[in-house]
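Reader: I would like to learn how to read a structure by its features. Can we take them one by one?

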Amino acid sequence: DVAAQGSEPKLTNDQITAKVNEYMDAVLRIDGFSGTILVARDGKPIVSKGYGMANIEVNIPNSPEYVFRLGSVTKQFTGMAITMLQERGKLSVSDPICKYISDCPDTWKPITINHLLRHTSGITNYTDFPDFAKTTVMPVTTGEMVKMLATKPLDFVPGAKMSYSNSGYYLLGVIIEKVSGKTYADFLQENIFTPLGMKQTYYDDPLMIIKHRASGYKKQAGKIINAPYTDMSVPYAAGSLASTTGDLLIWDQALYTEKLVSKRSLDEIFTPEKGEAGYGYGWGIGKKHGHKSISHGGGIYGFATDISRYPDDKVTVVVLSNIQ
């Protein structure tokens with residue numbers, strides 16, 4: 001009922017906290033959730049809590065300062081980096097990708113940066129390859145990955161439809177490096193994380209000492225086990241970042257401002273190609289319970305994540321779990 005929407009009583013913070021606690025008690029009982037959650041309104045946390053263990057082996061409980069791998073929540077940062085480079089006149093999303101990718105196969109000639117951003121390129125998704133689980137433990141260079149993707153036939157004619165593809169976002173990372181002259185990790189650090197004060201957000205590297213890094217787990221036959229290893233050069237610009245709920249709130253709030261890019265660029269990021277629902281630049285756009293929703297989930301060995309923004313309500317919900 002559209003008429004009733006505007007007159008929904010606004011829940012108080014105490015009511016929201018009570019509802020979240022009731023819901024989370026059930027989730028813990030039924031599903032054994034482990035991780036951190038954040039519910040914020042107008043940029044202020046209402047609920048910010050940890051559940052379960054950040055490290056089961058040494059018995060360290062989760063709390064909001066813990067750092068989790070983000071998986072595909074990374075894609076929105078890749079989308080922002082491309083938009084920043086476009087604003088600086090370094091590229092245009094309507095450019096063909098072959099302008100920036102050497103040894104581009106003929107089948108890729110019609111593909112634009114926009115196709116990669118919106119999963120409409122037709123480039124096959126490398127995480128679906130039959131041998132992916134075997135190859136993900138090995139470091140891969142961007143050159144090797146591009147060469148491998150270039151040998152595969154397209155799944156469909158570029159622009160014909162949408163099919164979620166990590167390969168597209170991997171290639172966006174290659175373009176960011178080519179155009180900026182910096183590594184993907186350095187570009188994000190210098191242009192997004194440092195300026196916004198996101199002090200606990202990283203391009204993940206298993207060798208790096210990260211304070212409050214949560215360990216990743218998975219369930220197997222009802223038991224919790226350590227997650228298998230993945231080399232972070234494999235997910236790269238499609239899924240290699242790590243962060244906290246608090247840093248993701250800083251990020252979320254920056255997207256209501258012009259700290260990073262202009263209002264016009266933000267509109268481009270958050271506008272799907274056809275109608276109200278669809279895919280922006282690293283974000284799913286649609287409606288949940290009658291409210292405009294901008295969101296993205298992530299799944300990577302050891303972790304499951306989600307950030308959901310309700311811009312009309314100025315509400316943000318972040319869930320970071322260290323059980324895949």
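This is a predicted model: local features need pLDDT of at least 70, side-chain atom pairs count only at pLDDT 80 or more; totals for chains, interfaces and linings use all residues.

Reader: Let us start with the rings. How many aromatic pairs does the structure hold?

Author: The general idea is to look at ring centres and at the angle between planes. The structure holds 11 aromatic pairs. One of them joins Tyr184 and Tyr236, with 5.5 Å centre to centre. Their planes make an angle of 55°, and the pair is tilted.

Reader: Why is that pair tilted?

Author: Planes over 60 degrees apart would count as edge-to-face, and planes under 30 as stacked.

Reader: Which parts does the pair tie together?

Author: Tyr184 lies in helix α8, residues 184-196. Tyr236 lies in helix α9, residues 236-239. The pair therefore ties together parts that are 52 residues apart in sequence.

Reader: Is Tyr184 buried or exposed? And Tyr236, buried or exposed?

Author: Buried means under 20% relative accessible area. Tyr184 has 1% and counts as buried. Tyr236 has 5%, so Tyr236 counts as buried too. Both also belong to one aromatic cluster, along with Tyr126, Phe132, Tyr170 and Tyr203.

Reader: What about a charge over a ring? Which ring does the charged end of Arg309 sit over?

Author: Here you look from the charged end to the ring centre. The charged end of Arg309 sits over the ring of Tyr256, 4.7 Å from its centre. Arg309 also lies over the face of Trp283, at 5.8 Å from the ring centre.

Reader: Now a single residue. Where is Ala40 found, and what does it touch?

Author: Ala40 is found in strand β1, residues 35-41. Its relative accessible area is 0%, so Ala40 is buried. Leaving out residues up to four places away in sequence, Ala40 touches Pro45, Ile46, Leu249, Lys314, Val315 and Thr316. Val318 is 278 residues from Ala40 along the chain, yet their C-alpha atoms are separated by 8.7 Å.

Reader: How do I read a pocket?

Author: Rolling a probe the size of a water molecule over the atoms shows where empty space is left. In this model, about 1400 Å³ of space lies in the largest pocket.

Reader: Which residues lie nearest the centre of the largest pocket?

Author: Val39, His289, Tyr310, Val315 and Val317, out of 46 lining residues. Helix α2 gives the most to the lining, with 7 residues. The lining divides into 20 nonpolar, 11 polar and 15 charged residues.

Definitions and conventions: Residues are numbered from 1 along each chain as its sequence is written. Side-chain values use heavy atoms; hydrogens and water are left out. Rings of Phe, Tyr and Trp (its six-membered ring) pair if their centres lie within 6.5 Å; planes under 30 degrees apart count as stacked, over 60 as edge-to-face and the rest as tilted. Helices (H or I, at least four residues) and strands (E, at least two) are DSSP runs, numbered from the N terminus. Buried means under 20% relative accessible area, exposed over 50%, partly exposed in between (1.4 Å probe, protein chains only). A charge sits over a ring if NZ of Lys or CZ of Arg is within 6 Å of the ring centre and within 35 degrees of the ring normal. Contact means heavy atoms within 4.5 Å. On a 1 Å grid over the protein atoms alone, a cavity is a set of points where a 1.4 Å probe fits but cannot get out, and a pocket is an open set with protein on both sides within 12 Å along at least five of seven lines; lining residues have an atom within 4 Å of a point. Grid points are joined across faces, edges and corners, and a volume is the space filled by probe spheres set on the points. Ala, Val, Leu, Ile, Met, Phe, Trp, Tyr, Cys and Pro count as nonpolar, Asp, Glu, Lys and Arg as charged, and the others, Gly among them, as polar.
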